Each structure stands twice: as structure tokens, then as C-alpha cells.
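Reader: I have a model open and would like to talk through its main features with you. Could you start with whatever term I need before we look at the contacts?

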Amino acid sequence: MSITFVPSSSAFWLDGKGVSYAFFINDLGCAEHLYFGAQIPHADLRYARTSGAQSTLTSPPGKDGAESYQNVPPEIAFFGTGDYREPCVQIETAQGDRLCELLYRSYEILKEKPPIPGMPSLRGGETLKLCLADPVNGFEADLYYTVYDDASVIARRVVYRNGGTQPIALRRAYSFSLPLPDMCREALTLHGAWAKERQPERIPLHHGVVSVDSKRTSSSATLHPFLAILTPGTTETSGTAIGFSLVYSSSFVLKAEGNPDGTALVTGGIQDFDFRWTLAPGEEFAAPECVIAYSDEGLGAMSRAYHDAYREHLISPRAAHAVRPLLINNWEGTQFSFDLEKLKAIVDGVVGTGIDTFVLDDGWFGKREDDTTGLGDWVVNEKKLVGGLRAISEYVHEKGMRFGLWFEPEMVSEDSDLFRAHPDYAIGVPDRPRCYSRHQFVLDLTRKEVRDTIVESVNRILHENRIEYVKWDFNRNVTESFSFGRAPGEQQQFAHRYALGLYDLCERIIRANPDIFFEGCAGGGARFDPAMLSYFAQIWTSDDTDAEERTKIQYGTSLVYPLSAMSCHVSDCPNQQTGRTVPLATRAVIAHLGATGYELDASRFTDEDRAETARQIREYRACQRLILNGDLYRIDDPHTGGFFTVSVVSKDKSEAILVCYRRFGSVNNPIKRVYMAGLDPARTYRVAELGLTLPGAVLMRRGLVPAYPDGDFTAVVYHFTAC
Ligand code: GLA
């Protein structure tokens, strides 16, 4: 990777793995975009600049006849000085004007990317810092660009600063602008709902704005903080795909604007609806990072770029490639109805299967017998759990397993000692009743004393007990967006301050307990975002554990996130969410495409169930490292047909698995041939299940016809080893 400044053309070049990015400082002093795409030799790219029709365009302030900002493909679009496209930033000065011109001042090339104080971002990578400033009001923006030699991504962010002498309000403070050429005509987004997270949707770009956002103070299941812009007809293996993935966990927006000249301008970051942040002279504001991936080999290569970037530069190095806990969780098995004997029986049920961690889910604390009470009271309910956590933890450890525990640190029940003592700790507006969701309120993480209380009570449980795993849940969204701790003029800082408070909690609980493995969760997968992934190496993908539905959810999630990030469990049938019955073998095949576990009442296991579970776990263990670290190739999309097929290939291409799932069995259907993907065409592979040894090229070009077991919802797995 390298970052170069070419004085003769005032151009900056950033070269990462397979990608080049170039812009230059034009005669106006603007950072003007030139190129983002497959790696190319450095040349003076200004030959292909375009300028629009002049008649209705507005010149920059004081420069009659000069090129309009509207014509400049901007590295950062600003408002009020002739550019009418979606600005990256909007300010308001003390006198009330909203004008802004961000012009070149200086640059620095940094060997290592500086972290964003208080906010997660990718680690490492050579970084360009480009300093821009407004010539009149002193407003400044430092644009950061980072490239990597092991992932085809560029990370971008902005630090805004008030370099003037009067306060300046930020009314919008996005993270980047990126102009894209006219062939980018489609958008791909991930929409969803509870139990239906991250469903891909493709829509044409049009004149005007295509936008995805959240106003929930969380990244949300409804619209994901991700957008890809595609050339028409882009498939898994062909076409250009440029992804935008925000490393952020609160309200966000990502937009692509189709312009009259056929180009598109992509921008986004912190949600600017209900946002206003005033900077005193000298103060700065850091926008979160956006990770922009480039592929001209379709969506598959775009996803693999994200998987590489996130495994190598975002997920904690200690966990990123580590073998994960293989757990039994009691939630779907018992919900709130358990006692010590029941939990012990579940543990007994899995002894000898290879499951190595028992996770006690919701209901162990306060007076919690259902979801109406107890959140915030992180004190064990000894009436329900005789002997306390120590009794069950000791029992689990005696059986040679590790012990895990569920928390929902950000929440409080109205019926809790914490709420009775500190009603103001719950987010709410004075003299107005609060909105309920799952009967609970959200704690005001923007206040330090509230965070201190949470840290103290959660860390006490973690320190007083032998706990090796924590599931951190978040089961409702914020409604009131108001803090008792802020002045009236600061209330629109709330959503971002919540994110900063959340990251502070994560630092003080997760980073402060490095020997405990933390899994994220949010009423299923409603806060499955890159920022959370930097703290939680795996995240509960969805409360929908039905294997058929999971094929779609896991397919959509894999567009951005590696399999190792997805926590996936085998559960009982009929499935608790859909009522569907899927063969146990298939449930295991689908749940094993990630960081796996079991979530059922194992106290009812027969010897046969135990033996089958042990067999499944042996199979998983045999290819666990491949699944967690390999390259993913999506072959059949369950959203568009009756099949879900993926291969996972080791980085050195010495081994691979092919997972083939068929929704419905029927007779006399067209032949279903699967073309293996990702192998080395020149190497020979043994396919254990078929007793075949064939060149990779043959397996990929001639394909194979999977022997799906009879019936609906069946699956078959093939293992490939290079000879
Ligand atoms: C959420 C989680 C579930 C479970 C319950 C417990 O819904 O997604 O896995 O932990 O909370 O209340």
C-alpha cells in the first residue's frame, strides 16, 4: 500500500490491495475527485475532467465566471456556496448564516492511522490526512483516508473543527462524499425487521436521493448501515460493486444521489435528522468511519474484501481467528422457567457431546420471572437459583465446561430497585410518561454517573463469579432522546452521545475483562454493526432460529460480515418462531455456518440425540477453522430460488467445504448442478463424500449434482482436500 503526492498535478494517490484512489487540488482550492477503482498506474487523470453547462450554474463566492462547485466531483460536498447536491457537512455560524467553503490548506501522510478518541474504527493502515478550511469563518475539516495491503477497502472519516472565534453549530457532520461515474446505476441495501434481519434489496438509482437510515439510536434491524452501488446486472461474480459500511451503532444515514450528468454522489454518516452539535472555538467533532470496499468481480469479492478488513483490522485480534466457545444456551429451552436442578439437567444432557460452554440466559437476577421486572438489578435471584451463580457455575466447571451469563446492561425495568432509587437514570422527558417497549426503559448512557452504576454492578458479578462468556443484549430502541444531564440547546446531541456512552461502557466492561468472551445481541440481530463487532467478535444473528429462514438472514448478513461474526444456534422443532419442522441434520448444517451453539432443552436428550449432537460437533470441529477464517463464495441465493449454496475455501486453497441446501423436495425437476467456487483450478482435490479426485478446474466448470436427501429442507455437505 502507498500514499503519494504528485506536486506537478497537485494529485494524491492512494493504492491499496487491488485498488487505486486519486484526487487533486483544483484551481479553486477544492479537493476534486478523480478516480476510485481497480489499481491503475499513476497518470495525470485531469485529462478526463468534465464541466457541465454553464448557463444556470453559480460561481463560487467572489469568483464570477469561475467553475461552479456544482461541477466539481467533491471529496467533501459543502452547502450554501453554489453546490446544490447532498452536502457532507452543514454548519450554522453565530450570526445564523450556513455558508461553507472547504478549501485546501495542508496534508500529512501518517504511517499508522490514529484511532478516533472514544469511537471504534479500523486499526492500522497508512493514512492521508487532508486539512481543509473555510476562508471566512475559520471552520475546518480534516479528511482521513486509509488504505490496506490485505483488503480492497479504503476507510474514510472527517474531523470537524471550529478554528474561528465564535461558536459554530454542526447541523450535519457526515463522514465522506464519494462521486461515482455514470455506470453506477443500482443500489443494494439490507432491510429487515425483528426475526428477519438483513434482507438484500436492489433498487435502481434515480435522479434524486436513494437513502437508508435509522432514527432509533441504534443501527437497527430495519435498515442496515450499509449501502452498495452497482453497475447494472452485477452478479456474485461479475460487475462493479462499491460498498459503504459505517462503523457506527447509533442513528445513521447513507445516501446516493443521482445527478443530471448521470453521476452519483454517495455520502452519509451520523443521522442529521434531530442532530445539532455546537462547537466552541477550538473544539472538534469526530465523525465515525465509513469503510468503502471496491470490487469489479461482483458482490462476492466485495464481501470478501469486508471479511478480510473486519477480521484483520476490526475484530479483536485475540478473538478474530480463535476457536470460539461451542455452547448450549437455555433460552429457547426454558425461557424464564428454570431452577438450579433444571439447569444442571441441561448441562448433564450435553456432557460428552463436545459442547464446552453453558450459557445461562435471561431470568437469573432481581425478581425476574418474566420480562416485566428486574432489569438493572444485577444481583442474583437466590430464591430462584438456590446457591446463587456460584452453585451453577461450579457445577458447570466440574463437568469440564465454561460458564456464560446473559446481561442487558443498558436497560432498566420500571419494577426494579434501580428504577425506584434513580427514576431519572431512565431516558425520559420531565412531566411526560415514557414509552414502553418489552415493558422496559433504556438507561441514559449519555450520563457518566449512570454508566458508572452499570459498570460497577456488571463488573461486580463478573469479578465475584467464575464467568468465561457474556451475552450482552439490547432489547429495545430509544424513544425520548432526552437527557436530564444536558442543557436544552444540547438535546439534539443525544443519539450520538448515546453511542459514545455505549462505547465507553464496552471499554470499561469488555476491554477491562479480556479473559471473558463477549457476544453481542439486540433482540436478535438488531445492532449487528461494525462498531459492535470491534467489541463483540460474534453477534447473535437473529432470534429466528428456523434453518430455512436463517439461510436468507445469514446470506444477507454475509454480504458485509464474515461467517465468524455470526452466532448461529441449533434449536428445537417445531421452531419457536415459525412453527416449521426442519430435519435436525439440516439445522446443524445451517447453524454450523458461523460461530455455532445449541439452544434447546438438552435435559430431554435421548442417547440418540446425544450421539447425533456429538457427531455434528465432531464435524463442525473438523472444519471450524476453515469456516471462521476461510473465503466465502455464495453460489445460490435463497432469496431468488429454492436453493442456498455456499463454499468456504481456505486462504491457501488447500481445503474447502461446499454446503448445499434445498428448500423443497419434488420429482422430475430440472437437474440442479452446483459449480464449485473458489478452488485453485490448477490443483487436484479429493472430494471425500464422492470418493473422487479431480482438478479444481473440473469441479468448478463441470460442477457436481448434489445428492440432496429426500424431503423438504434438506442439505448435503462436501469436503475438498488438495492432494
Ligand atoms: C432477546 C435475545 C434472546 C434472549 C432474550 C432473553 O430476545 O435475542 O436470545 O436472550 O432476549 O430475554
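Author: The term to have in hand is the polar contact, which is a pair of N or O atoms within 3.5 Å. Please also keep in mind that this is a predicted model.

Reader: Fine. With that in mind, how far is the polar side-chain atom of aspartate 543 from an oxygen atom of the ligand?

Author: The distance from a polar side-chain atom of aspartate 543 to an oxygen atom of the ligand is 2.5 Å, and that pair therefore falls within the 3.5 Å limit for a polar contact.

Reader: And what share of the ligand's exposed area does the protein bury?

Author: The ligand taken alone exposes 310 Å², and the protein buries 96% of that area.

Reader: What about aspartate 362 and aspartate 473, how far are their side chains from ligand oxygen?

Author: For aspartate 362, a polar side-chain atom lies 2.6 Å from an oxygen atom of the ligand, while for aspartate 473 an N or O atom of the side chain is 2.9 Å from a ligand oxygen.

Reader: How many residues surround the ligand, and which are the closest?

Author: There are 13 residues around the ligand, and the closest are Asp361, Asp362, Lys471, Gly524 and Asp543. Sorted by class, the shell holds six charged, four nonpolar and three polar residues.

Reader: Switching to the fold: which strands make up the closed barrel, and is the pairing parallel or antiparallel?

Author: The closed barrel has eight strands, in the order β21-β22-β23-β26-β27-β28-β29-β30, and the pairing is parallel. On average, neighbouring strands of this sheet are turned by 30° against each other, with direction ignored.

Reader: Can you pick one pair from it? How many bridges join β29 to β30?

Author: Five bridges join β29, residues 566-571, to β30, residues 595-599, and the two strands run parallel. Within that pairing, valine 570 has tyrosine 598 in β30 as its bridge partner.

Reader: What joins cysteine 573 and proline 574?

Author: A cis peptide bond joins cysteine 573 and proline 574, with omega at about -5°, and proline 574 lies in the loop between β29 and α11, the latter spanning 584-591.

Reader: Now the open sheet. What is its strand order?

Author: That sheet has four strands in the order β1-β2-β3-β4, and they pair in an antiparallel way. Because β1 (2-6) and β4 (31-38) stand at the edges with a single partner strand each, one side of each is left without a neighbour in the sheet. The twist from one strand to the next averages 15°.

Reader: How many residues lie between β1 and β2 in their hairpin?

Author: Four residues lie between them, and serine 10 in that turn has a positive phi of about 50°. The two strands run antiparallel and are joined by five bridges, with valine 6 standing opposite alanine 11 in β2.

Reader: And how many bridges join β2 to β3?

Author: Six bridges join β2, residues 11-16, to β3, residues 19-25, and these strands also run antiparallel; leucine 14 stands opposite tyrosine 21 in β3.

Reader: Where is serine 220 found?

Author: Serine 220 is in the loop between β13 (208-213) and β14 (223-230). Its phi is near 80°, which is a positive value in a residue other than glycine.

Conventions. Residues are numbered from 1 along each chain as its sequence is written. This is a predicted model: local features need pLDDT of at least 70, side-chain atom pairs count only at pLDDT 80 or more; totals for chains, interfaces and linings use all residues. Side-chain values use heavy atoms; hydrogens and water are left out. A residue is near a molecule or strand if one of its heavy atoms lies within 4 Å of it. A polar contact is a pair of N or O atoms within 3.5 Å; within protein, one must be able to donate a hydrogen and the other to accept it, and residues adjacent in sequence count only if both atoms are side-chain atoms. Accessible areas come from the Shrake-Rupley method with a 1.4 Å probe; for residues, only the protein chains shown count as cover. Ala, Val, Leu, Ile, Met, Phe, Trp, Tyr, Cys and Pro count as nonpolar, Asp, Glu, Lys and Arg as charged, and the others, Gly among them, as polar. Two strands pair if DSSP finds at least two bridges between them. Axes are lines fitted to C-alpha atoms, for helices over the stretch in contact, and angles run from 0 to 180 degrees between N-to-C directions.
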